Amino acid sequence: MSEQSLRQDERRQEPHPKTQSPAHVDAGDAGYSKSLKARHVNMIAIGGAIGTGLFLGAGGRLHNAGPSLFIAYAVCGVFAFLVVRALGELVLHRPSSGAFVSYAREFLGEKGAFVAGWMYFLNWATTGIADITAVATYTHYWGMFTDIPQWVIALIALAVVLAVNLISVKFFGEMEFWFAIIKVGALVTFMAIGIFLLVTRHPIDGNTPGPGMIFDHGGVFPHGVLPMLLVVQGVVFAYASVELVGVAAGETENPEKIMPKAINSIMWRVALFYVGSVVLLSMLMPYTSYADGQSPFVTVLSNIGVPSAGAVMNLVVLTAAMSSLNSGLYSTGRILRSMAKSGSAPRFTGVMSRTHVPYGGILLTAFFCVLGVVLNYAAPSKAFEIVLNFAAIGILSTWAMIMLCHLVFWRKAKAGLVRRPGYRLPGSPFTEIITIAFLTSVLILMWADGGPSRLTVMALPAIVLALVLGWFGVRGRVNGRR
């Protein structure tokens, strides 16, 4: 679209002064300091798009789906980008630390905000449990820690990240900045080594790297299309946290300038780090050489004799898990404060410290993570699997709510009630509808996969019932604050 056409389209969607809706005000946005700078937000965007799903989970998925895994990463990456692009447009419409919960309140009403907030809390409460479980598991890799019970390590990890979050948003931003630096540095280093091995055709475990590594071992789909479809649910989980950049907007200097650049960069980073890494891994070794439970990067580096490759990558994966836990405490603290100010969350989650930190909501999330410590004590070998699928349900619902909010926003813009910013989600309203259909299909795939995934889908009626009962429990307080 030309610049002239875009200006004409903006003029057509600019509401008449008499019909424009009054600006929505979210009481939960008051009191925050604008301490996050461009470098923080850029690294938060990177950190949200790169996690343990790539560093660790890609090994098992590559073994099951073969090289076709890069297609799953590409497709899911496109939809993740569309979700965060829709959120970015809403952010430029009105920056808010309540993010999609605040937008759900504006465009879907208090019931929509209630569902969006508590499903997001379910996502991070369970993800937090998975993260501290992962930290404890990865720490046991080093012999000096093997005698320390898993639950003790999990508790220490939680205490460290909780302390950082309670100090100030600036400390959170710095911690996330350096976590992201470590993750990106590790990926860039590996890809440089991998490209060198590919160009020089250096043998790896008796195999000569190159495109033939893919086509000589069954092609892109060695087991058919179905295995690739079944790993999609895990790939979606790998992209969880991309929406964190929207939450950070409420504490960012000049979000109108910073956010579009940070969000647009997610797309090429997904293409480079996820799709590029899987294609590279597929050309370095046969897909059957990779295994569940071992980082595919460690598999390659160990087979070319790189010393301490496992220890280094284990440290990177540990960093990714700590980064995820850090993000979860940060985002749920802001989301719960937005809900508390409307009456749909406990009153104490709305309190803020002298350093402008909503510590009530952070402590509530940390409490549920402590339950994860108990789970690590009672069932250390099953803790990760138990909670992971419930986190996936939370992610799917959060992304769907973002697209629903944007769809209503688009309709209001067409009616002349609000004005769309220049930075927009392309293809509305079809983009939103297609994305929601994709997220629904992931639920179907979870059912088809069987095992814990099917049990999670079967638990959906219980989750819906809990939300209904919860709404009836708070609606009097919510209605009283209108």
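Buried means under 20% relative accessible area, exposed over 50%, and partly exposed in between (1.4 Å probe, protein chains only). The model is predicted: local features need pLDDT of at least 70, side-chain atom pairs count only at pLDDT 80 or more, and totals for chains, interfaces and linings use all residues. Residues are numbered from 1 along each chain as its sequence is written, and side-chain values use heavy atoms, with hydrogens and water left out.

**Exercise 1. Classify Lys-37 and find its salt-bridge partner.**

Step 1. Lys-37 has a relative accessible area of 38%, so Lys-37 is partly exposed.
Step 2. Apply the salt-bridge rule: a side-chain nitrogen of Lys or Arg within 4 Å of a carboxyl oxygen of Asp or Glu.
Step 3. Glu-253 meets Lys-37 at 3.5 Å, N to O.
Step 4. The two are 216 residues apart: Glu-253 is in the loop between helix 13 (244–248) and helix 14 (255–284), Lys-37 in the loop between helix 1 (3–13) and helix 2 (38–49). Helices here are DSSP runs (H or I, at least four residues), numbered from the N terminus.
Step 5. Glu-253 is partly exposed because its relative accessibility is 33%.

**Exercise 2. Decide whether the salt-bridge partners Glu-251 and Arg-334 are buried or exposed.**

Step 1. The closest N and O atoms of this pair are 2.8 Å apart.
Step 2. Glu-251 lies in the loop between helix 13 and helix 14, Arg-334 in helix 16 (residues 309–342), 83 residues apart.
Step 3. Relative accessibility is 0% for Glu-251, so Glu-251 is buried.
Step 4. Arg-334 is at 1% and therefore buried.
Step 5. The count of salt bridges comes to six.

**Exercise 3. Assign the geometry of the ring pairs Tyr-73 with Tyr-239 and Phe-121 with Phe-368.**

Step 1. Rings of Phe, Tyr and Trp (its six-membered ring) pair if their centres lie within 6.5 Å; planes under 30 degrees apart are stacked, over 60 edge-to-face, the rest tilted.
Step 2. The search finds 14 aromatic pairs in the whole structure.
Step 3. Tyr-73 and Tyr-239 are edge-to-face, at 6.3 Å centre to centre and 90 degrees between the planes.
Step 4. Tyr-73 is in helix 5 (residues 69–93) and Tyr-239 in the loop between helix 12 (232–238) and helix 13, 166 residues apart.
Step 5. Phe-121 and Phe-368 have centres 5.2 Å apart and planes at 85 degrees, so this pair is edge-to-face.
Step 6. Phe-121 lies in helix 7 (residues 110–139) and Phe-368 in helix 17, so the pair ties together parts 247 residues apart in sequence.
Step 7. Phe-121 is buried at 7% relative accessibility, whereas Phe-368 is partly exposed at 30%.
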